[in-house]
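Me: I am new to this one, could you walk me through a few of its local features?

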Amino acid sequence: MAKDCQYCGTSIFIPESGAIVFNPEHIIEVVKQFPLPLAHESEEAYVFHYHSQAELKASIEVLFKTSTPDYWAHILNTKTSQSLPISIQHLYERISKPELAAIIHDGDFNAHLQPIVDMKENRIFGYESLLRTENQIPGQKIFINFLPSTIYVPEFCLQHTFQIVEEFNIDPSDLVFEVVETEKIKDVDHMKSILDTYKSSGMKVALDDVGAGYSTLEMLNLLQPDFLKIDRSYIQNCHTSPEKQAFLYKVMDRAKHIGIKVLAEGIETRDEWNWLHALGVNYGQGYFIGCPEAVPEKELILP
């Protein structure tokens with residue numbers, strides 16, 4: 001898929017009517033399930049026309065009923081003859097949530113930074129970069145995470161990221177890429193390849209939401225992240241919960257043995273801060289320390 005990597009981040013609008021084009025190697029599986037009529041076939045491509053996004057969405061849903069398609073197709077705008085590659089899964093996500101694609105396409109968001117503090121030295125260690133929509137509706141949340149499933153060939157797919165880092169003269173060691181571990185990744189070797197590619201370029205990597213998904217503690221030796229972020233569900237009221245404390249003791253012991261820094265996210269009270277500080281957690285993040293802001297505090301000021 002290296003030839004398609006340049007399109008991985010492209011924010012495209014799916015035409016209201018058009019065609020979906022499959023390569024011959026995928027057509028046998030698709031023909032058995034795809035309800036759209038076959039309009040054209042050749043040795044190079046098989047073309048299915050759709051007359052509305054609702055029709056396209058319903059057709060792709062048929063594929064998801066039996067399996068999760070992991071192959072690629074091309075969306076053809078029959079009015080402009082423009083063709084863009086896209087994975088079936090991402091195509092379905094885009095037509096299911098068109099408002100998210102519109103936000104990205106229009107740049108209708110701004111950056112906020114939430115402070116992360118060194119709990120031993122009581123100083124700002126860094127910031128988590130978050131995105132917020134310009135006109136965010138109260139109660140609605142938009143989360144943008146780094147998902148390993150979006151990176152097919154790390155040495156190719158990450159080149160754009162590395163080019164931007166070099167273009168803006170950013171110190172790679174100042175960048176920490178967080179993997180959302182709750183994705184329940186099946187291919188551990190592929191995930192390790194992604195993390196190693198970041199590391200080889202001088203960047204840091206972290207496992208996010210540790211404890212909320214698969215057995216991360218058993219994966220630490222294999223993946224060797226620089227940081228691990230403990231899921232907020234284990235932080236809330238940690239000072240009064242023996243179960244959470246047992247888990248946190250285990251995390252700290254494993255991380256110390258491997259040489260990984262631990263970051264507790266979701267700290268909201270003084271009691272939680274005090275207990276985690278006594279435990280020896282390296283870094284903290286949460287509303288008790290500071291909320292995400294467009295212009296965050298540069299000095300640590302605890303309530």
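**Loops and a helix pair**

Reply: N237 is found in the loop between β10 and α9, where helices (H or I, at least four residues) and strands (E, at least two) are DSSP runs numbered from the N terminus. This is a predicted model, in which local features need pLDDT of at least 70, side-chain atom pairs count only at pLDDT 80 or more, and totals for chains, interfaces and linings use all residues. Residues are numbered from 1 along each chain as its sequence is written, and side-chain values use heavy atoms, with hydrogens and water left out.

Me: What is the phi of N237?

Reply: The phi of N237 is near 60 degrees, a positive value in a residue other than glycine. N237 is also partly exposed, with a relative accessible area of 38% (buried is under 20%, exposed over 50%, partly exposed in between, with a 1.4 Å probe and protein chains only).

Me: OK, the helices now: at what angle do α9 and α10 pack?

Reply: Helix α9 (residues 242-258) and α10 pack at about 35 degrees, and their axes are 11 Å apart; the axes are lines fitted to C-alpha atoms, for helices over the stretch in contact, with angles running from 0 to 180 degrees between N-to-C directions.

Me: And which residues make the contact?

Reply: Q245, L248, Y249 and M252 of α9 meet W275, L276 and L279 of α10, contact being heavy atoms within 4.5 Å.

Me: Which residues of α10 are buried?

Reply: In α10, which covers residues 270-279, the buried ones are E272, W273, W275, L276 and L279. Just after α10, G280 takes a positive phi of about 100 degrees.
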